[in-house]
Amino acid sequence: MGYPVTGIGEAIAYVDGSFNNETGEYGAGVAFFTDGKLIELSEKGSNPDAATMRNVSGEVMASMMAMREARVRGINHLVIYHDYQGIADWCTGAWKTKKEGTRVYKDYYQEMRLNGLSIDFVKVEGHSGDEWNDHADMLARKAIGK
């Protein structure tokens with residue numbers, strides 16, 4: 001697998017989420033690329049309110065993880081590749097943030113932008129053979145034992 005190329009101060013992140021019906025847990029996976037390296041991020045969440053959004057909670061969590069990783073690493077420009085349209089549309093205002101989880105997500109995005117992180121979104125088809133989207137999906141499933 002060839003890694004996506006980034007310039008100095010730039011990063012690319014593929015994000016995805018998953019949900020475990022049996023445990024009510026959601027997982028977030030991020031394939032994060034910067035300086036010619038792949039950083040794999042994988043976390044599990046179990047907030048009952050957030051879990052009502054099922055795998056979408058994992059998608060949102062993954063996007064926030066990518067933003068956090070970019071800021072920690074001093075990245076100025078982040079491109080987030082996602083397969084769920086809300087990841088971009090809640091941030092841009094194209095979709096209304098009706099649930100608490102989506103409001104928290106949009107606020108986090110705005111805070112990151114105010115702190116100097118430029119963020120672009122690119123939509124990819126889920127489960128279409130995109131190797132890095134599939135990799136983020138695997139990381140999200142791994143977080144919840146799937």
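1. Five strands make an open sheet of mixed pairing, ordered β3-β2-β1-β4-β5. Strands (E, at least two residues) and helices (H or I, at least four) are DSSP runs, numbered from the N terminus; two strands pair if DSSP finds at least two bridges between them. β3 (37–45) and β5 (118–123) are the edge strands, each pairing on one side only.

2. A note on the basis. This is a predicted model: local features need pLDDT of at least 70, side-chain atom pairs count only at pLDDT 80 or more, and totals for chains, interfaces and linings use all residues. Residues are numbered from 1 along each chain as its sequence is written, and side-chain values use heavy atoms, leaving out hydrogens and water.

3. β1 (residues 10–20) and β4 (residues 77–82) pair in the parallel sense, over five bridges. Ile12 stands opposite Val79 in β4.

4. Helix α2 (residues 55–72) packs on the sheet. It touches β1, β2 (25–34), β3, β4 and β5, contact meaning heavy atoms within 4.5 Å. Its direction makes about 35 degrees with that of β2. Axes are lines fitted to C-alpha atoms, for helices over the stretch in contact; angles run from 0 to 180 degrees between N-to-C directions. Helix α5 (residues 131–143) lies across β1, β2 and β3, at about 140 degrees to β2.

5. α2 also supplies six residues to the lining of the largest pocket, the largest share. A pocket is an open set of points on a 1 Å grid over the protein atoms alone, where a 1.4 Å probe fits, with protein on both sides within 12 Å along at least five of seven lines; lining residues have an atom within 4 Å of a point. Of the 18 lining residues, Tyr26, Ala50, Val60, Gly101 and Val104 lie nearest the centre.
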